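Visitor: Could you pick one part of this protein, look at it closely, and then go on to other places in the chain?

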Amino acid sequence: MAINICFTQLNIEQTEIHTKRHSPPKEINLKIEQPIKYSQQLQKIRTLLKHVQDEPINHVDMVDVLQKLCINHHFEEEIDSILKRHYTKISNGHVFDHDPSLYEVSCNFRILRQKGYYVPADVFTRFKKKNGMFLEEIAEDVKGLMALYEASQLSVEGEHILEEAADFSSHALIEMMPFLDEDEAIMVKNTLEHSYQRTSSIFMVKKFIKRYSGTTMSELAEIELAKLQALHRTEVTQISRWWKELGLAQELKLARSQPVNWYLCPMASLVDPSLSEQRLELIKPIALIFIIDDIFDVYGTLDELVLFTEAVIRWDIKSLERLPYHFKICIEALYNITREISDKIYKKYGFNPIEYLKRTWINLCEAFLVEAKWFVAGHLPNADEYLRNGIVSSGAEVVTVHLFFLLGCATNEDSATIIKDNPRLTFCLAKILRLWDDLGSAKDEKQDGYDGSYVTYYMRENEGCSLENAQEHVMSMISDTWKQLNKECLFPNSFSATFIKACLNLARMVPMMYNYDENHSLPLLKDYMNSMF
């Protein structure tokens, strides 16, 4: 059972893609046609980064804004230099020449941890009394409390002070909201519902452009967003053409056919505009995950699914003779796409990853088969047994291993083994995916197959446990897994910064696919999709 994403509220008809993709608003066209202004703004910001007053909070504040506006990729060299120098000062105990505010400490902590630098959580003890309680005077500092809450989302296991900071700041902010003006209340609400660490930045950028309106950085971000959305429209057109030419949608009528919606995952994970080729390749295994999931859920008998899995394990075209036609064309597509992706990676980076990619498909199909056998036998696994298998059947391993090689993280066998020898990053992502999906807030109306749920099995094992309590338990598990994921992203690290960021972005995307508002809609995703087409 792969992730069961319900995009009913977001579906974009193919006719809309073809009729609207060349008609962005006139004001956006005007901005795109101003390369001189664009270049001047880039240079102006670059100069500011080099000559901003030599105070750490000025540097860090600016880095924070660049990241929130999704224009930081233009200034990575400058940002790396700033944060490396700043972390060295912290390590040597020379950061502030004054008594820092809650905002300053929190912002510094978050920005450095997001970059992978380990800053100890005890920097927040200065804001606590001897009895361990937070100081009363900071309970009315809205800006500081929002920064503290954002910082708390970077915690790792065992950092109790950050757990306390999250509880204290969220409670204080909620109590203050009725007394804030409208703009402040909206900012607080966005912070609590969409913390920066756990939200895909590309879907929040319009809100931040509005917040920093009138600045050079927001002007640049507006132009950048228009250019990026134009690129996304082009990529959607290419993906739609590829999907149609592949032909699986025409042959597998009961399977999902949502290439535009599936594109949201590579779009959100690989935000750098220069990674267009990687986005266009990553959509292919993502599409196959959903198709194969539907094969197991709604197409095959158990005997046929055993044959299907054996054919994937053998990875031999001759093994397809005994398979039904629908299964055969699906596996042929799997073979061909995996070979094509592997060939492209080999030509670009000098290493052929096909054995690694094949292994992920074998693992996925074996996990799907386990669930199929449970269903046919009427077996109800215990919650832990279900979750262990569900982590594999989420499909996360397929995605991250393809990502790893598409980003050129391996140029030989030694560097390729990194993805196999360090599974924790993928594990955390997969667990977050599975648990969010199993909260049951998304249901695909077109699916007739059987899906288990960790929530269901947990309630069955814990007599008297209500649905609400079970869901709270799952949310707590998700929070704990985020702490593990945060730790996996700190230095020293075997993975490249680009790969880590892509995996983090995938995890950030997950709650946005399931966090429905009162109208059972996904407002952030819907707003972004509507602005694209």
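**A loop tryptophan and its surroundings**

Guide: Trp315 sits in the loop between α16 (302-314) and α17 (325-349). Helices here are DSSP runs of H or I with at least four residues, strands are runs of E with at least two, and both are numbered from the N terminus. The model is predicted, so local features need pLDDT of at least 70 and side-chain atom pairs count only at pLDDT 80 or more, while totals for chains, interfaces and linings use all residues. Residues are numbered from 1 along each chain as its sequence is written, and side-chain values use heavy atoms, with hydrogens and water left out.

The phi of Trp315 is near 50 degrees, a positive value in a residue other than glycine. Most residues other than glycine have a negative phi, and most peptide bonds are trans. Trp315 counts as buried because its relative accessibility is 14%; buried means under 20% relative accessible area, exposed means over 50%, and partly exposed is in between, with a 1.4 Å probe and protein chains only.

One of the contacts of Trp315 is Trp361. Contact means heavy atoms within 4.5 Å. Trp361 belongs to helix α18 (residues 354-377) and is buried, at 0% relative accessibility. Apart from neighbours within four places in sequence, Trp361 touches residues including Pro285, Leu288, Val312, Leu334, Val398 and His402. Pro285 is 76 residues from Trp361 along the chain, and their C-alpha atoms are separated by 9.4 Å.

Now to other loops. Cys70, in the loop between α4 (56-68) and α5 (76-91), also has a positive phi, near 60 degrees. Cys70 counts as buried because its relative accessibility is 17%. In the loop between α24 (467-488) and α25 (497-514) lies Pro492, which is joined to Phe491 by a cis peptide bond with omega about -10 degrees.

Next, a pair of helices. Two packed helices are described by the angle between their axes and the distance between the axes. The axes of α20 (residues 396-406) and α22 (residues 424-438) come within 9 Å and cross at roughly 140 degrees. Axes are lines fitted to C-alpha atoms, for helices over the stretch in contact, and angles run from 0 to 180 degrees between N-to-C directions. The two helices are therefore oblique to each other: under 35 degrees counts as roughly parallel, over 145 as roughly antiparallel, 65 to 115 as roughly perpendicular, and the rest as oblique. Where they meet, Ala396, Glu397 and Thr400 of α20 touch Thr426, Leu429, Ala430 and Leu433 of α22. By class, this contact has four nonpolar, two polar and one charged residues; Ala, Val, Leu, Ile, Met, Phe, Trp, Tyr, Cys and Pro count as nonpolar, Asp, Glu, Lys and Arg as charged, and the others, Gly among them, as polar.

Asp437 is also in α22, and is buried, with a relative accessible area of 5%.

Helix α7 (residues 142-152) is mostly covered, with 10 of its 11 residues buried. What covers these buried residues includes α6 (102-114), α8 (160-176) and α9 (182-193).

For the protein as a whole, there are 26 helices and zero strands. Buried residues make up 55% of its 533 residues.
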